[in-house]
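Take a look at the structure below.

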Amino acid sequence: MLISIISIIANILFFVVLNISFYTDRTSFPDGSVREYQRSPLGRLELSDQRYLFYLQIAVAAVSIITSVLVLCGVKNNAVKLIRNISSIASLIVFIIIIIATGNTHAKYA
C-alpha cells in the first residue's frame, strides 16, 4: 500500500517538475542584442521536436497511477502489483531521460 501512495505522489511530482521553468535560453540577434528566455523542460521538448518523450511519460505515468489506485482499492492480484512496479520504474526512467535530454538540447529557431 505504501508503494502505491509513493508511486502516485512521485508521478504527480514528475509533472510538476516538468512544468517548472528552470532553464535559461539565450539568443543573440544580428544587431548584437541578447534575449533570455525562461523555459521549462516541456518548453524545451517542444522547441527541440522531442514532444514524444512527454507523451511517453504521460502513458507510463497513467498506467502507474491506475494500477496504484487498483492496489489501494484492494486488488490483490500479483500481476497488477508487478505492472505497478514496472510502470513506476519506467516512469522514473523516462523522467530522468527527459531531464537529461532537455539539459543537452538546444532550441531550433528557424
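**How the helices pack**

Start with a crossing: α3 passes α4 in a left-handed manner. This is a predicted model. The axes of α3 and α4 come within 8 Å and cross at roughly 150°. Angles over 145 degrees count as roughly antiparallel, so α3 is roughly antiparallel to α4. Which classes of residue make up this contact? The contact of α3 with α4 has 16 nonpolar residues, seven polar ones and two charged ones.

Now move to α1. Helix α1 spans residues 2-18, and helix α3 spans residues 52-72. The two pack at an angle of about 155°, and their axes lie 8 Å apart. That angle makes α1 roughly antiparallel to α3. The crossing of α1 and α3 is left-handed.

Which residues meet here? From α1 come Ser4, Ile5, Ser7, Ile8, Asn11, Phe14, Phe15 and Leu18. They meet a set in α3 that includes Phe54, Gln57, Ile58, Ala61, Ser64 and Ile65. Further along α3, Ser68, Val69, Val71 and Leu72 also take part. Sort the contact of α1 with α3 by class, and you find twelve nonpolar residues, six polar ones and no charged ones.

One pair is left to visit. Are α1 and α4 roughly parallel or antiparallel? Their packing angle is about 20°, and their axes are 11 Å apart. Angles under 35 degrees count as roughly parallel, so α1 is roughly parallel to α4. Here, too, look at the handedness: α1 passes α4 in a left-handed crossing.

The contact of α1 with α4 draws on Ile3, Ser4, Ser7, Asn11, Phe14, Val17 and Leu18 of α1. On the α4 side, the residues are Arg84, Asn85, Ser88, Ser91, Leu92, Phe95, Ile98 and Ile99. By class, this contact has eight nonpolar, six polar and one charged residues.

Next, turn to the empty space. Rolling a probe the size of a water molecule over the atoms shows where such space is left. How big is the volume of the largest pocket? The value is about 160 Å³.

Which residues line the largest pocket? Among them are Ile3, Ile6, Ser7, Ala10, Asn11 and Phe14. The lining also includes Ser64, along with Asn85, Ser88, Ile89, Ser91 and Leu92. Helix α4 covers residues 78-103, and α1 and α4 each supply at least two residues of this lining. The largest share, six residues, comes from α1. By class, the lining of the largest pocket divides into six nonpolar and six polar residues, with no charged ones.

How values were computed:
Residues are numbered from 1 along each chain as its sequence is written. This is a predicted model: local features need pLDDT of at least 70, side-chain atom pairs count only at pLDDT 80 or more; totals for chains, interfaces and linings use all residues. Side-chain values use heavy atoms; hydrogens and water are left out. Axes are lines fitted to C-alpha atoms, for helices over the stretch in contact, and angles run from 0 to 180 degrees between N-to-C directions. Helices (H or I, at least four residues) and strands (E, at least two) are DSSP runs, numbered from the N terminus. Angles under 35 degrees count as roughly parallel, over 145 as roughly antiparallel, 65 to 115 as roughly perpendicular and the rest as oblique. A crossing is left-handed if the near helix is turned anticlockwise from the far one by less than a right angle, and right-handed if clockwise. Contact means heavy atoms within 4.5 Å. Ala, Val, Leu, Ile, Met, Phe, Trp, Tyr, Cys and Pro count as nonpolar, Asp, Glu, Lys and Arg as charged, and the others, Gly among them, as polar. On a 1 Å grid over the protein atoms alone, a cavity is a set of points where a 1.4 Å probe fits but cannot get out, and a pocket is an open set with protein on both sides within 12 Å along at least five of seven lines; lining residues have an atom within 4 Å of a point. Grid points are joined across faces, edges and corners, and a volume is the space filled by probe spheres set on the points.
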